[in-house]
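Hello,

Here is the structure I promised to pass on to you. Have a look at it first, and then read on for my notes.

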Amino acid sequence: MTAAAHLPDPAALDAADLLAAVVDRFEPGDDLVAYLDGNSLGRPLRATVEALPEFVRTQWAGRLIRGWDDGWLTLAERLGDRIGAACLGAASGQTIVADSTTVLIFKLLRAAIAMRGEGAARDELVIARDEFPTDRFIVERLADDHGLTVRWLDVPHDGGVTPELAAEVVSERTIAALLGGVAYRSAWWADMAAVTGVVQAHGALVIWDCSHAVGSVPLELDAWGVDMAVGCSYKYLNGGPGAPAWAYVAARHQAQLRNPIPGWLGAAEPFSMTAGFEPAPGIRRLVSGTPPILGMQPIAHMVGEIEAAGMPAIRAKSGALTEYAIALVDALIPDAVLASPRDAARRGGHITIDHPNARRAVERLWGEGVIPDFRHPSGVRIGLSPLSTSFAEVERGIRALAAALAD
Ligand SMILES: *Cc1c(COP(=O)(O)O)cnc(C)c1O
């Protein structure tokens, strides 16, 4: 018998899926056959399709500037708290929604540099060599601006940061390590508690980029003692193109947190129009300008779905989806190389495979409504957003991918 004969029946997997009904709450695309890129841009909920025009009509047009007093002014903190509770294991008052991931990484890392104090001997920043470009660019720029050295962490192609690897580069000279919670390419889910411990044992700060982790794996930032974290809201939080990001700063650091872009809405008294910047006492000090109220609406809808399903059930489905995807790849695309962990416990919500025909195949598939992601130079990234993806869709998508790669 061939490996393909042992493949589970997708209909049976969907029938056993406790979250199967949620898939229908997402807006179907016109030509969509299989969406395998929910980790790059999550699909919109039907609720979002309906609620956005309604928001414009009743809230924006209806309330106009009074809306700020009706709750817009505190939305960044309130939605942050909901993300914190549902996805991050963060008690309230530590998470805010603002800016883009890029801008928040800059603000947090710059603040971490400011925290090292006068005359500190620390002069190094740690980051993985294959980290997402934005993260590397900011580390390199801040190192350049402040006369610091970048310590590069080399991780395996199908892996990511481990406590052992972190221990090789973190030292008494480290200011902060900016690390991916779930690696954007390999999907390696770091042992975030253990790595945090290694970084902090040297007196350094850890900043976790949770862009591919939030909404796909359960996070326990408070329990793990994480210093700071940041993440994207248009991936597994389905906030839509350009949705604002979120940042977490542990309560113990907030009094020392110096926002490098001080703005009026991060000030203690935004409307007193006083001279001099006095930061807000809590996480709101990280806000720079006016919060993106429209951009937060879709995130709130998706967080509602995550609250209802719960991260443990979402993680269970996510693990089953990636397991099934790997079984399909092994059976149908034998010449592909899996560039993600086979160990389900260390794997996030997507998988990447390497194949010489990757670029051509993905280009063709996009025209057919089968949408994985091409990752330079030869990777196909298959993102399986747990709440919007069915097992039948995974099967359709990977069969089409197998055919396109073989062509
Ligand atoms: C998606 C992603 C980002 C995105 O940054 P934006 O400023 O929102 O474009 C940053 N870092 C990582 C690791 C990502 O996966």
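How are H2 and H3 oriented to each other? Before the answer, please keep in mind that this is a predicted model.

Two packed helices are described by the angle between their axes and the distance between the axes. For H2 and H3, the angle is about 120 degrees and the axes are 9 Å apart. Angles from 65 to 115 degrees count as roughly perpendicular and those over 145 as roughly antiparallel, with the rest in between being oblique, and H2 and H3 are therefore oblique to each other. On the H2 side, the contact is made by Phe55, Gln59, Trp60 and Arg63, while H3 brings in Gly67, Asp70 and Trp72. Sorted by class, the residues of this contact are 3 nonpolar, 2 polar and 2 charged.

While you are there, look at the loop that runs between helix H2 (46-63) and helix H3 (67-88), where you will find Leu64. Leu64 has a phi near 50 degrees, which is a positive value in a residue other than glycine.

Next, please turn to another pair of helices. Helix H11 (residues 358-367) and helix H12 (residues 391-406) have axes that come within 8 Å and cross at roughly 125 degrees. H11 and H12 are therefore oblique to each other, and the crossing of H11 past H12 is right-handed. From H11, the residues Ala358, Ala361, Arg364 and Leu365 meet Ala400, Leu401, Ala404 and Leu405 of H12. This contact of H11 with H12 has 7 nonpolar residues, 1 charged residue and no polar ones.

There is also a ligand to explore. Which residues surround the ligand? They are Ser100, Thr101, Thr102, Phe132, Thr134, Asp135, Asp209, Ser211, His212, Tyr234 and Lys235.

- An N or O atom in the side chain of Thr102 is 2.5 Å from an oxygen atom of the ligand.
- An N or O atom in the side chain of Lys235 is 2.6 Å from an oxygen atom of the ligand.
- An N or O atom in the side chain of Asp135 is 3.1 Å from a nitrogen atom of the ligand.

One last stop is a proline. Pro377 sits in the loop between strand S12 (373-375) and strand S13 (379-383). The peptide bond leading from His376 to Pro377 is cis, and its omega is near 0 degrees.

Enjoy exploring, and write back with any questions!

Best wishes

Terms used
Residues are numbered from 1 along each chain as its sequence is written. This is a predicted model: local features need pLDDT of at least 70, side-chain atom pairs count only at pLDDT 80 or more; totals for chains, interfaces and linings use all residues. Side-chain values use heavy atoms; hydrogens and water are left out. Axes are lines fitted to C-alpha atoms, for helices over the stretch in contact, and angles run from 0 to 180 degrees between N-to-C directions. Helices (H or I, at least four residues) and strands (E, at least two) are DSSP runs, numbered from the N terminus. Angles under 35 degrees count as roughly parallel, over 145 as roughly antiparallel, 65 to 115 as roughly perpendicular and the rest as oblique. A crossing is left-handed if the near helix is turned anticlockwise from the far one by less than a right angle, and right-handed if clockwise. Contact means heavy atoms within 4.5 Å. Ala, Val, Leu, Ile, Met, Phe, Trp, Tyr, Cys and Pro count as nonpolar, Asp, Glu, Lys and Arg as charged, and the others, Gly among them, as polar. A residue is near a molecule or strand if one of its heavy atoms lies within 4 Å of it. A polar contact is a pair of N or O atoms within 3.5 Å; within protein, one must be able to donate a hydrogen and the other to accept it, and residues adjacent in sequence count only if both atoms are side-chain atoms.
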